[in-house]
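Me: I would like to go through this structure step by step. Could you please show it first?

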Amino acid sequence: MRRLVRESRLEPSHLVLPLFVCSGEGVRREIRSMPGHCQLSLDELVRECETVHALGIGAVILFGIPDKKDDLASEAYAEHGIVQRAVRAVKCAVPQLLVITDVCNCEYTSHGHCGKIVDGDVDNDATLAWLAESALSHARAGADMVAPSDMMDGRVGAIRHSLDAHGFQKTPILSYAAKFASVFYGPFREAAESTPQFGDRRSYQMDPSNGREAMHEMELDLEEGADILMVKPAMPYLDLIRQARDRFPVPIGAYQVSGEFSMIVAAAQNGWLDLDRAMMESLTSIRRAGGDIILTYFAKDAARALG
Ligand code: PBG
């Protein structure tokens with residue numbers, strides 16, 4: 001009876017697994033703050049992607065951990081940067097798996113900020129060129145979709161323009177349109193080695209209090225050419241996922257971020273929560289709120305549970 005009248009369904013194809021790629025061979029470096037997740041070298045990444053594909057998961061989103069960081073985030077847009085090489089390797093070994101790339105600079109800058117620093121602060125407009133160049137290099141490597149997560153104003157337009165001008169009219173943009181300055185990114189910053197060395201990200205990420213502003217940000221990204229709009233984090237912002245779903249015609253993404261994952265896992269490790277039920281309830285609530293696509297570190301476990 002419950003199955004007959006169920007309103008929200010969760011399928012492996014709705015899920016996207018974030019993966020962290022680093023250099024080397026045979027490397028599976030555990031991420032302490034995110035149990036079960038590792039930084040993977042290219043060969044290990046390919047093996048992981050084969051598993052992900054076999055589980056019917058919708059896509060992976062790749063984050064790069066470069067060997068060298070600098071002031072100019074050079075590796076973010078290098079033709080043979082770590083993510084660019086990863087995309088080529090995965091698309092060659094598992095061509096049927098959809099590969100999304102995260103487009104941002106914070107993993108690549110020595111200072112850990114998402115953009116170019118001018119006079120002690122991130123310079124929005126100067127950063128757009130880096131982002132457009134990164135997205136283009138990902139598309140050239142074979143990425144199926146690019147996902148800017150930096151929160152600079154105007155970046156969706158800049159990326160769309162650069163992709164179109166170089167023959168990638170068909171590469172869609174998944175925009176982290178409403179991304180909040182959230183404490184829940186803590187574990188990710190350990191995973192991606194991207195903690196800002198000074199200040200914080202509040203000059204470009206949004207104030208958790210502001211729902212109307214989130215809708216405005218999403219509207220702007222849609223006008224600039226975003227194909228999918230995302231809210232991030234997910235669980236503390238279910239109201240905004242619902243509003244976005246009701247308001248915009250495009251697919252709505254929701255990112256269940258590292259802190260949301262790690263706090264559930266930590267509680268389960270303490271014996272305070274049942275891991276599988278907490279995982280499924282959290283993912284189902286995001287679907288019920290209107291999330292069409294869910295980026296989650298639970299993707300593999302959830303896909304297995306869904307059979
Ligand atoms: C890069 C980026 C971040 C996350 C995704 N892309 C970190 C940040 O803004 O600090 C966080 C993802 C997570 O916590 O799982 N800007």
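Me: Where is Ala73 found?
Reply: Ala73 is found in the loop between strand 4 (59-64) and helix 3 (82-93). Helices (H or I, at least four residues) and strands (E, at least two) are DSSP runs, numbered from the N terminus. The model is predicted, so local features need pLDDT of at least 70 and side-chain atom pairs count only at pLDDT 80 or more, while totals for chains, interfaces and linings use all residues. Residues are numbered from 1 along each chain as its sequence is written, and side-chain values use heavy atoms, with hydrogens and water left out.

Me: What is phi of Ala73, and is the residue buried or exposed?
Reply: Phi is near 55°, a positive value in a residue other than glycine. Ala73 has a relative accessible area of 0% and is therefore buried. Buried means under 20% relative accessible area, exposed over 50%, and partly exposed in between (1.4 Å probe, protein chains only).

Me: What about Glu193, where is that?
Reply: Glu193 lies in the loop between helix 6 (186-191) and helix 7. Glu193 also has a positive phi, of about 50°, although it is not a glycine. Because its relative accessibility is 39%, Glu193 counts as partly exposed.

Me: Helix 7, then: what span should it have, and why?
Reply: Helix 7 (residues 211-224) has 14 residues, so at 1.5 Å a residue it should span 20 Å. The expected span is 1.5 Å times one less than the number of residues. The end C-alpha atoms of helix 7 are 20 Å apart, which agrees.

Me: Which residues of helix 7 are buried?
Reply: They are Ala214, Met215, Glu217, Met218 and Asp221. These residues cover an arc of only 160° around the axis, so they are on the same side of helix 7. The arc is that of the directions from the helix axis to the C-beta atoms. The face turned away from the buried side carries the exposed residues Arg212 and Glu223.

Me: What do the buried residues of helix 7 pack against?
Reply: They pack against helix 5 (155-165), strand 9 (174-179), strand 10 (228-232) and helix 8 (238-247). Contact here means heavy atoms within 4.5 Å.

Me: How many residues are in the largest nonpolar core?
Reply: The largest nonpolar core has 105 residues, and those with the most contacts inside it are Phe20, Leu45, Met218 and Ile241. Helix 4 (residues 124-141) gives the most to this core, with seven residues. A nonpolar core is a set of buried Ala, Val, Leu, Ile, Met, Phe, Trp, Tyr and Cys residues joined through side-chain atoms within 4.5 Å.

Me: Changing topic, how many aromatic pairs are there?
Reply: The structure holds ten aromatic pairs. One of them joins Tyr176 and Tyr255 and is tilted, with 6.0 Å centre to centre and 45° between the planes. This pair links distant parts of the chain, since Tyr176 is in strand 9 and Tyr255 is in strand 11 (residues 252-256), 79 residues apart. Rings of Phe, Tyr and Trp (its six-membered ring) pair if their centres lie within 6.5 Å; planes under 30 degrees apart count as stacked, over 60 as edge-to-face and the rest as tilted.

Me: Are Tyr176 and Tyr255 buried or exposed?
Reply: Tyr176 and Tyr255 are both buried.

Me: Last one: which residues does a cis peptide bond join?
Reply: A cis peptide bond joins Lys232 and Pro233, with omega of about -10°. Pro233 is in the loop between strand 10 and helix 8.
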